[in-house]
Amino acid sequence: MHRIDFRLLGPLDVRVDGEPVRLGGGRQRTVLTMLLIALNRVVSVDALIEAVWGQEPPATARNQIAICVTALRKTFRTSAGVDDLIVTSHPGYILDLGEHRIDIHEVETRVRKARELARAGDTVQACALFTEALSLWRGSALDGAAGGPIDHEASRLAEFRLELREEQAGLQLQLGQHRSLISDLAALVREHPLREQARAHLMLAQYRSGRRAEALEIFREGRQVLVEELGIEPGAELQELHELILRDDPELTLPPEPRVAPELRTVPAQLPSSAAAFTGRSRELALLDRLLDGEGQESPLAVAAVSGIAGVGKSALTVHWAHQVAGRFPDGQLFADLRGYDESDSPQAPTAVLDRFLRALGVPGPQIPGDQHERAALYRSILDGKRILVVLDNARSFAQIRPLLPGGRHCCVLITSRDAIDDLTGDYDVHRIELNVLGQAEATAMLGAVAGPERIATDPEAAARLGTLCDRLPLALRIAGARLAAKPHWSVRHLVRRLEDQRRRLDELSPNEGGVRAGFRLSYRDLPPAAARMYRRLGLLTMPDFAAWVGAAVLDTDPIEAEDLIEELVDAQLLEVASGRPGEPPRYRFQALLRLFAWECAQEEDTPEEREGVLDRALDGWLSLCWVAYQRLYGAEFASLEGIPEPNLPQSLVEELLTDPMEWMEAEHSALVDAVRQAAETGRAAHAWKLALLSNPLQESRNYLEEWEICSERALAAAQRCFDRQGEASMQRLLGGVALHTQRYEIAEGRLRAALRIFDEIGDVAGAALTRRMLTHNARVRGDLDQALRDGEASLLGFREIGDARGESHGLGALAQIELERGNLERSLRLSTEAIALSRATGLVRGLAQSILRLAEALMRHGRLDEAASECDEALRIVREHGDRTGEAHILRLAGEILWRQGNLSEAEVTLQEAFTIADDINDHLLRARAEANLGCLDLLAGRDGAVGRLRRARNTFAEYGARPQGERITLVMASLTAEHPPYGPSPEELRQLLSAH
């Protein structure tokens, strides 16, 4: 795999395997910079727009951002073969760095190691690492980039660089390098006259170099600047150094010795050993390092609270970090397992822990008070002024840990708990770390640390799958690695096969009644009955995420009560909040192993009837809401669709959820795909095919082609197993739609004719009319306009027979398109006008935009270009309001053609290129070919070379995807239009010869 290096410590620079990558213009560079400074976090489209344009973005801003992202993806695909670097994640995008590198991380890694070495007394190596870190700067960070968060990050990095220069200078002074430091420090002080640390280093370097008067002058200048600009005197450290220089104190001739803390009668060292297979967690370790940033200042007690599910590695992280920094706490380290979640023992009482701590600190047993408050007071008194690290592992509540918190600011406290202990906030400056599962690379590294790196490296694909099956949960990974270590004759793939069986997975990862299942059981045991019931019943669903209303459905309860119960599960670390869009209701999800445990609990505690009822109610919920959403989008187009339940939710909640039906479907997209699968696999064929049918508007308009086909095939198979003829016909029609959308016209014809036969057999007039409408389109793109006209007129009659005005509107629009292509412009104008009127009357939004588009094309063919452009503007406004990118590309293509017919070549080129980019992004080959044909015509008009080649490419694309007649007609007609005047290129006959040439 190619490695990408991102460099932000200077102007933005991207390299693949050391070779520079050429990026697009300023917008692309700004978008990429925003994604890089928010690594692994979602950056909203709104934030990207603000960064690029500020407070006055253009109307096309969202589309231009999408174009920038598409271009960046193409750049990385072409240069590095990477397809998944920039991932769409509502409400925007996320850059997943993976195995690639960014210079900021390289600096942070070196600095963290340098600080460890400095604490251990290895000043030479520490200084060398600081030099390496600083060498990665190539100028001002993010030079040339600007905008909101970018400016903030540039300022942060500039401050970080200054801090590193000062730290490095301090180490160089300890090494006696004072003479060589003076020029650099003098420049630093000139650039940043208010930085007292840099000024102190310069004074000391000058004094040790025999330049005492200059050192005193540097102090005088600094004092003058501080007084004049800030109205303050220099800080205590600078003033103390000044006094020492005035009296030539011998302390200044050598690096000062570290101050030794007063000795305790006993120095406790209670930390347990660090985990041998500890891996990764660089971000969390860096956050813990910040606990000590205020060392030596008047800062409050440093407290870190690490929370997360059972087995995620809270104790391993805190103990590992505690060992790293133990040297910073010469008065000792205290450790207590508070047993907040223990299967056999009750949580440790604070009184008992205080007794152990006091004895460890050297207090004789008879002198330890019996009262808890007196013990806590004595404990705080002994720790006052001492530097002691206190680790409180597995805490249950604030009441349990409060007596164990020191009062002095020199100590540091680490707390681990499955729950976020909110009571700490306010009284203490708490650094909260919510520990999640490991990344993929970290998970593989942990498996290698336990089972042996060579063993894991032999099959990287299986190792990655093993990490996924373990949820990348450290406890599960260690158990899996230990199983491989104990079974040298097993391959990694063999263990993967054992874990693939969901009913065995927890058994494999829970040896001797311990392991993963035991940890989950402790959290489940403490749930109130209603929350426990919610947990195990949600575990019966397999959706990747879900909204709170689903909880109301599975328990058949009030939505507010359901949300409260779900939040209890989140607090207990049994569910997690999925990243959602701002302003939208939150969504929730299981980790896979926790879902399996919930499913096990449901099998043990609920009856089969209760479990079946849960699934029925959940699927009814999705089906009823989809039906309401579909009606609001398309009206009663499926008038014969029966058996749809009414939403079992308050009407106010239904209105809130479906304020924007398409956006609700988008939010539920993954859940709907899985609902179809689960319904099909559990014999609920009607649920499966109706959900597939009603979610089709989202899949088509948002270009979810793979999901569209998978859902339809699953539902078709379920309908055939249950002999559900209407379901079978409906899914054949839906699969015909997928084939049409992906330009597989012969397959579409077969699917649609099969559907039509069944609809005619069962007397479903509405289903037959819809199918004939799709056959109309199929015949048209294949160039058989006579067959298209026959199917279109039959479809229109069907819609009129059942009184479906919206279907009739679609039918009129289809006939208008056919007549347009047959050259019957007057009839096309009349049919388009009728279709628009019906669409407006029935509120058919997408059909309205399509009909307006056809009217605009007919007007253009009539030569009424201004009217056509106006209609395009109206259609474009409609599709952009509803996020219909396919419709947007079609309209932009026609708008571009109108512009070049009007002679506005520059604006036409921008518009057509945008249409081409969107068509490429959504993988619509025929639409891309039409845009290419338009661009070829524009090249002809501009007298550019390569115009005919572009037209030939468009014609060949039509042929490749089964629409040769349409391609021949479009390219030749359009080329002939531009060739009517000699300056614009060859004659129509010459074009025919050129286009047919090999």
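1. A residue is called buried here when its relative accessible area is under 20%, exposed when over 50%, and partly exposed in between. By that cut-off, V516, R517, A518, G519, F520, L522, S523 and Y524 of helix α22 are buried. The model is a predicted one.

2. On cysteines: the whole structure contains 0 disulfides. C722 is in none, and its nearest cysteine sulfur, on C711, is 17 Å away. C722 is partly exposed, at 41% relative accessible area, whereas C127 is buried, at 6%.

3. An open sheet of 3 strands runs in the order β4-β6-β5, with antiparallel pairing. Its edge strands, β4 (43–44) and β5 (86–89), each pair on one side only. Between β5 and β6 (residues 92–95) there are 4 bridges, again antiparallel, and S89 sits opposite G92 of β6.

4. The structure has 68 salt bridges. One of them joins R110 and E132, with the closest N and O atoms 3.1 Å apart. R110 belongs to helix α4 (residues 103–119) and E132 to helix α5 (residues 123–135), so the bridge ties together parts 22 residues apart in sequence. R110 has a relative accessible area of 24% and is partly exposed; E132, at 38%, is also partly exposed.

5. A second salt bridge links the side chains of E576 and R589, at 2.8 Å from N to O. Here the partners lie in strands: E576 in β14 (residues 576–578) and R589 in β15 (residues 587–589), so parts 13 residues apart in sequence are tied together. E576 is partly exposed at 22% relative accessibility, as is R589 at 32%.

6. R944 and D939 form a further salt bridge, their closest N and O atoms being 2.8 Å apart. R944 is partly exposed, with 37% relative accessibility, while D939 is buried, with a relative accessible area of 7%. Through shared partners, salt bridges join E909, E932, D939, R944, R950 and R953 into one network.

7. On the surface, L194, L230 and I232 make up a nonpolar patch with about 240 Å² of accessible area together. L194 is located in the loop between α7 (178–191) and α8 (196–208), and its relative accessibility of 36% makes it partly exposed.

Terms used: Residues are numbered from 1 along each chain as its sequence is written. This is a predicted model: local features need pLDDT of at least 70, side-chain atom pairs count only at pLDDT 80 or more; totals for chains, interfaces and linings use all residues. Side-chain values use heavy atoms; hydrogens and water are left out. A disulfide is a pair of cysteine sulfur atoms within 2.5 Å. Buried means under 20% relative accessible area, exposed over 50%, partly exposed in between (1.4 Å probe, protein chains only). Patches are made of residues with over 30% relative accessible area and no salt bridge: like charges are joined within 9 Å, nonpolar side chains (Val, Leu, Ile, Met, Phe, Trp, Tyr) within 5 Å. Accessible areas come from the Shrake-Rupley method with a 1.4 Å probe; for residues, only the protein chains shown count as cover. A salt bridge is a side-chain nitrogen of Lys or Arg within 4 Å of a carboxyl oxygen of Asp or Glu. Helices (H or I, at least four residues) and strands (E, at least two) are DSSP runs, numbered from the N terminus. Two strands pair if DSSP finds at least two bridges between them.
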